[in-house]
Amino acid sequence: MAKSASFRCTSCAAVTSKWSGQCDSCGEWNSIEEEKALSSGPASKSLGMRRGKALNLTDLAAQDTPPARTLSGVEELDRVLGGGLVEASALLVGGDPGIGKSTLLLQAAARFARNGLKVVYVSGEEAAGQVRMRAQRLKLTSSPVLLAAETNLRDILTTLEDEKPDLCIIDSIQTMWADHVEAAPGSVSQVRAAAHELTSFAKRNGIAVIMVGHVTKGGQIAGPRVVEHMVDTVLYFEGERGHPFRILRAVKNRFGPADEIGVFEMTGRGLAEVKNPSALFLSERGKPTPGSVVFAGIEGSRPVLCEFQALVAPSPHAQPRRTVVGWDGGRLAMILAVLEARAGVPFTGLDVYLNVAGGMRVTEPAADLAVAAALVSAREDATLPADSVIFGEISLSGALRPASQTENRLKEAQKLGFSGAITAQTAKPPATQGMALRQMPDLASFVTEIFGDR
């Protein structure tokens, strides 16, 4: 009996039994392609009867040499990698088109090459001359980086076996094609096969491989999610087109902490690392205005201060707008509901706009109180204390929960000149000197004490 064909969406990897013009899962048009097997040879009927080769087992206490790490010299990049590049590792770097992924990796390749690694940069999107042009603009032409412009995976692996580099950069994985897979480059089958071959090659030969991945409209790396499971580290390069700030975020790292970030600034000579991200994100903050709040957050292992901006205005529409940039829209809806139900602050008939200044993206729940303060401040047209930071988690009951690493947040705020903080009530007050700490038990008490009886 012939096996029925299966079709897969190249955008979200959803599987269907028939072709259609639009994917039912993600809504993309013309993204459904027939998925063919990676190999077309006959299946072995004796597969379940033949015995395999015994595995070599080792003791956990064996004194094997751990994989070596190599520092790039770029502190922000080394921080995100968990302390440097690990040999025989596979990394996936994703980001929006034009955000600076190729610039970042070309600069990283030059740094690693200067530190003694043999580096091969394989470009599948640009000609060799175009990559050299970027290197000239970045003043990197003196770096001993080997360059290739190729998309045939078999030829690339053959060259890597001959050159035996320490690091190989593939830009990008969506342009690679394996000649044993009957599918177009960029399809789910091709991306999965190319990523598997490159990852296996890295493990067998002790070569670190960095692969660039395009992202979809939803911000996820295009192709099957199994690619993210194959690799050791997944990094996202984030930022807003209108801002020079770029954030390299680790969402998966087998050799270091996840959710670590590195902050860069796009300049005329490429990406420059930012030593103090908090000062950078607050550098454009003017005089205190209604709806402006400074949030003391934690990104990975470092405290980062950023500004939340809120605008509340009467809505001319029957359905008020809720627009969010840099934060979770679903969590904003929850905060608005808690403010109305527990603190008596209604937002019915009002448009609400929330923005995280500087292109920063905040994910931790400790920003709840800062968001609530910005919303009430904008609604009441009242400014908050300019010398205070705000953080704390809000529960559905209206109670405030303390955030983790409170002392680190307060120390970072004090270092930048803030003298006060508003946060949730804790059983043991943090040991801070020179900081006026105001602790609130619940959201209703916070609104009453800060904004008064309305």
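Which residue stands opposite Val209 in β10? Here are some notes on that and its surroundings.

1. A word on the basis: this is a predicted model, where local features need pLDDT of at least 70, side-chain atom pairs count only at pLDDT 80 or more, and totals for chains, interfaces and linings use all residues. Residues are numbered from 1 along each chain as its sequence is written, and side-chain values use heavy atoms, leaving out hydrogens and water.

2. Cys168 is the residue opposite Val209 in β10. Strand β9 (residues 167-171) runs parallel to β10, with 4 bridges joining them. On strand β6 (residues 90-95), Ala90 has Val209 as its bridge partner, and 6 bridges link the parallel pair β6 and β10. Strands pair here if DSSP finds at least two bridges between them; strands are DSSP runs of E, at least two residues, and helices runs of H or I, at least four, numbered from the N terminus.

3. Strand β10 (residues 208-214) is mostly covered, with 6 of its 7 residues buried (under 20% relative accessible area, 1.4 Å probe, protein chains only).

4. Turning to the cores: the largest nonpolar core has 64 residues, of which Phe308, Leu339, Leu375 and Phe446 touch the most other members. A nonpolar core is a set of buried Ala, Val, Leu, Ile, Met, Phe, Trp, Tyr and Cys residues joined through side-chain atoms within 4.5 Å. Helix α9 (residues 368-380) supplies the largest share, 9 residues. This core lies between domain 1 (69-275) and domain 2 (280-451), because both give residues to it; the bounds come from an automatic or database domain assignment.

5. Apart from that core lies another, of 34 residues, including Leu104 and Ile210.

Technical notes: Buried means under 20% relative accessible area, exposed over 50%, partly exposed in between (1.4 Å probe, protein chains only).
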